[in-house]
Amino acid sequence: MTKLTTTQTIEDNNICGDCRQRLNKILTTDQYSEAEIDLLHRPKRTLTFAVPIRMDSGEVKTFNAYRVLYNDALGPGKGGIRFHSDVHLQEVKNLAFLMALKCSLVNIPFGGAKGGVEVDPRTLTRNEVERLSRSFIREVHPFIGERTDIPAPDVNTNSTIMGYMADEYAKIRGYFVPGIITGKSVLLGGSAGRTEATSLGGAYILKTYLEHIRKDIKNTTVAVQGFGNVGLHVVKILYEWGAKVVAVSDSKKGIYNQNGLDIETLLKSEKIGALPEGYKAKEITNEELLLLDVDVLVPAAISHQITNNNAREIKARVILELANDPITAEADEVLEDNGVVIIPDIIANAGGVMVSYFEWIQNSTNDYWTIEKVYSELESRLVMAFKKVIQESNQDLTDLRKQSYRLAINRIIEAEKGRGRL
């Protein structure tokens with residue numbers, strides 16, 4: 001069995017380095033042809049461009065921006081736009097690759113895409129954020145469309161920003177095109193349930209896993225890293241289902257109570273820093289939260305939080321990846337050797353893109369769903385996809401990522417063959 005080396009085609013700048021590292025553990029030349037492997041190692045289209053905006057001061061600043069369409073064999077590109085100071089091209093390529101696998105795995109007719117602007121939005125005023133959003137669309141509009149590549153919100157972007165972008169695209173086209181962007185407000189054609197979709201989808205997946213191993217969610221301890229939209233909603237959902245949430249953290253600090261946090265007060269405050277004096281919890285760091293002895297650890301913040309440096313100290317029995325790519329490839333191996341079950345991001349956080357797909361359908365048909373229908377369709381489709389992964393995994397379920405990747409990759413390759421590209 002021949003595996004590709006990590007040095008192959010290293011000089012090819014279009015190769016996605018992180019993608020290759022993941023794929024090389026799965027793709028072998030006796031199972032896949034060189035052409036199939038080569039196609040999966042590189043995105044279909046990579047855009048790097050400048051986004052200039054006029055600041056409130058009158059000064060013009062220019063920011064680096066990216067949009068990557070990784071694969072479109074199964075349908076138009078689909079993926080979020082993030083505003084973050086650490087955005088770079090390799091990260092966007094990797095996230096677009098994960099989106100391609102995610103859409104394939106949960107059997108929705110989209111390819112994978114991602115975009116981003118290298119900016120700290122906390123340093124911008126509201127008007128500057130709007131101008132940045134509109135400028136991004138002006139630069140990228142020839143390459144996106146409701147049948148070619150459909151953006152959505154991601155880190156530090158939201159329904160308001162999607163509204164700015166959809167409006168700017170309407171100005172360019174001369175009419176409003178609701179299906180060009182998902183994650184919009186309901187008033188602009190967004191779907192009911194989109195705000196909590198990623199968290200709810202992850203909760204459905206976790207519940208399915210716990211039922212599979214015959215563990216009661218009410219006897220399950222949980223720590224959640226990240227208290228933005230995804231982290232806040234998953235804390236709320238799991239608490240309502242009876243899980244004991246013992247720790248949460250945001251970008252600045254975490255809080256921990258081994259007997260369970262007062263979630264109702266936390267949810268009313270919405271921010272850890274806004275908790276009332278006397279709140280019963282010990283202050284901890286993000287790093288300490290990751291190492292807590294809990295049943296389930298939920299990374300719901302940003303990429304590469306569990307690495308070779310801390311993987312051996314992870315005590316959680318299960319990791320539910322609600323963030324994109326929170327575990328490095330090297331750390332994956334360590335965790336697997338230690339018997340930690342990883343429910344991978346391409347199934348765990350697929351609720352967001354699933355409801356984005358529902359939004360796109362609703363925009364296309366002008367027939368808008370009730371929230372009950374959204375939740376019902378979300379649960380049935382995600383659970384069906386996850387049960388397929390479990391069915392094809394080994395008995396201890398420590399290779400859920402590998403099985404998820406294989407299923408997704410095989411569907412993409414078959415679609416490429418169906419199109420005559422391979």
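E130, R134, R138, D167, E168 and K171 are linked in a network of salt bridges. The model is a predicted one, and its total count of salt bridges comes to 30. Side chains of opposite charge can pair when their charged atoms come close.

One is with E130, where the closest N and O atoms are 3.0 Å apart. Both residues belong to helix α4 (residues 126-140). They are four residues apart, so about one helical turn separates R134 from E130. The other contact is with E168, at 2.9 Å from N to O. Here the partners sit in separate helices: E168 lies in α5 (residues 159-173) and R134 in α4. The pair therefore ties together parts that are 34 residues apart in sequence. R134 counts as buried, at 13% relative accessibility. E168 is buried as well, at 8%. E130 is partly exposed, at 23%. The cut-off for burial is under 20% relative accessible area.

A further salt bridge joins K388 to E392, with the closest N and O atoms 3.0 Å apart. Both residues lie in helix α13 (residues 371-392). Their spacing is four residues, so they are separated by about one helical turn. Neither end of this pair is buried: K388 is partly exposed at 32% relative accessibility, and E392 is partly exposed at 34%.

The model also contains an open sheet of seven strands. Their order is β9-β8-β7-β6-β10-β11-β12, and the pairing is mixed. β9 (282-284) and β12 (341-343) stand at the edges. Each has a single partner strand, so one side of each is left without a neighbour in the sheet. From one strand to the next, the twist averages 25°. Strands of a sheet pair through backbone hydrogen bonds, either parallel or antiparallel.

Strand β6 (residues 221-225) runs parallel to β7 (residues 244-249), and five bridges join them. In that pairing A223 stands opposite A247. β6 is also parallel to β10, through four bridges. There the bridge partner of A223 is L297. V296 stands opposite V318 in β11.

Strand β10 (residues 296-299) is covered on both faces. V296 and V298 are buried on one side. L297 and P299 are buried on the other.

D325 is buried, with a relative accessible area of 5%. In helix α10 itself (residues 329-337), the buried residues include A329, A331, D332, V334 and L335. G339 follows α10 and has a positive phi, near 80°.

Another positive phi occurs at N107, which is not a glycine; the value is about 60°. Most residues other than glycine have a negative phi, and most peptide bonds are trans. N107 lies in the loop between α3 and β4 (111-118). With a relative accessible area of 57%, N107 is exposed, whereas D325 is buried at 5%.

Empty space in the model was also examined. Rolling a probe the size of a water molecule over the atoms shows where empty space is left. The second largest pocket holds about 240 Å³ of space. Its lining comprises 15 residues, and D86, H88, E91, S303 and H304 lie nearest its centre. Two elements give two or more residues to this lining, β3 (77-84) and α3 (89-105). α3 gives the most, with four residues. By class, the lining has four nonpolar, six polar and five charged residues.

Conventions: Residues numbered from 1 in each chain as written. Predicted model: local features only at pLDDT ≥ 70, side-chain atom pairs only at ≥ 80, totals over all residues. Heavy atoms only, no water. Buried < 20%, exposed > 50% of the residue type's maximum accessible area, 1.4 Å probe, protein only. Pairing = 2+ DSSP bridges. 1 Å grid on protein atoms, 1.4 Å probe; cavity = no way out; pocket = protein on both sides within 12 Å on 5 of 7 lines; lining within 4 Å. Points joined across faces, edges and corners; volume = space filled by probe spheres on them. Nonpolar A, V, L, I, M, F, W, Y, C, P; charged D, E, K, R; others polar. Axes fitted to C-alpha atoms, helices over the stretch in contact; angles between N-to-C directions. Salt bridge = Lys/Arg side-chain N within 4 Å of Asp/Glu carboxyl O.
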